[in-house]
Amino acid sequence: MADNVEIVRRFLASVQHESVEEALPLCDPEVEVTTIMGRLHDQDRSGHDGLAEVFARHSNFWAFLEVRVDEIVDHDERWVIASGSSRGRAKGSASELDYPWTMTFEVVRGRITVLGAYLTREEALKAIDAG
């Protein structure tokens, strides 16, 4: 299970580097992606193309985005939970946002098969229980 934590750590580093090229090899080709904004607009993504689209949307939306990871822990044999916060400013905006997040990662045979981003740990745990 420590390997699962390392896979998630590497994935989150790819987010911090804004490098989809680093992220894709860590994910199953059919990875299911649920983002905070995707849930609001009913736009969840799947597969490597969907994950690449999420990276592109973030790049197009944010003038800058700083991702801070506070914790990455095994939840059980398949699931890893990461929490932290992000600070950023949308393009065309003068206001900065600072918000907490919790992400869930299902890791199967060394690849991320499901990843989800949530505003609270409670939402994240509900998503794991529902899956």
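The following legends describe close-up views of a predicted model.

Residues are numbered from 1 along each chain as its sequence is written. Local features need pLDDT of at least 70 and side-chain atom pairs count only at pLDDT 80 or more, while totals for chains, interfaces and linings use all residues, and side-chain values use heavy atoms, with hydrogens and water left out.

**View 1. Confidence along the chain.**
The mean pLDDT of the chain is 90, and 92% of the residues score at least 70. Here pLDDT is the predictor's confidence in each residue, from 0 to 100. Helix H3 (residues 36-40) has the lowest confidence in the chain, with a mean of 72, and S6 has the highest, at 96. Helices (H or I, at least four residues) and strands (E, at least two) are DSSP runs, numbered from the N terminus.

**View 2**
Two strands pair if DSSP finds at least two bridges between them. Strands of a sheet pair through backbone hydrogen bonds, either parallel or antiparallel.

**View 2. Two antiparallel strand pairs.**
Seven bridges join strand S5 (residues 96-108) to strand S6 (residues 111-118) in the antiparallel sense. Thr102 has Tyr118 in S6 as its bridge partner. S3 and S4 are also paired in the antiparallel sense, over 11 bridges, and form a hairpin with four residues between them. Within this pair, Ile72 has Ala82 in S4 as its bridge partner.

Strand S5 (residues 96-108) pairs with strand S6 (residues 111-118) in the antiparallel sense. Contact means heavy atoms within 4.5 Å.

**View 3. The largest nonpolar core.**
This core has 24 residues, of which Phe11, Leu12, Leu51, Met103, Phe105, Ile112 and Leu115 touch the most other members. At least two core residues come from each of H1, helix H2 (20-23), S1, H4, S4, S5 and S6. A nonpolar core is a set of buried Ala, Val, Leu, Ile, Met, Phe, Trp, Tyr and Cys residues joined through side-chain atoms within 4.5 Å. Apart from neighbours within four places in sequence, Leu51 is in contact with Phe11, Ala23, Leu24, Cys27, Val33 and Leu115.

**View 4. The aromatic pairs.**
Two aromatic pairs are found in a search of the whole structure. In the pair of Phe11 and Phe105, the ring centres are 5.6 Å apart and the planes stand at 65°, so the pair is edge-to-face. Phe11 belongs to helix H1 and Phe105 to strand S5, so the pair ties together parts 94 residues apart in sequence. Phe11 is buried at 2% relative accessibility, and Phe105 is buried at 0%. Phe61 and Trp62 form an edge-to-face pair, 4.9 Å centre to centre with 90° between the planes. Phe61 is partly exposed at 44%, whereas Trp62 is buried at 11%. Buried means under 20% relative accessible area, exposed over 50%, and partly exposed in between (1.4 Å probe, protein chains only). Rings of Phe, Tyr and Trp (its six-membered ring) pair if their centres lie within 6.5 Å; planes under 30 degrees apart count as stacked, over 60 as edge-to-face and the rest as tilted.

Asn4 lies in helix H1 (residues 2-16) and is buried, with a relative accessible area of 11%. Beyond its neighbours within four places in sequence, Asn4 is in contact with Asp74, Glu77, Arg78, Val80 and Val107. Ser85 is in strand S4 (residues 79-90) and is buried at 13% relative accessibility. Not counting residues up to four places away in sequence, Ser85 touches several residues, among them Glu66, Asp70, Tyr99 and Trp101.
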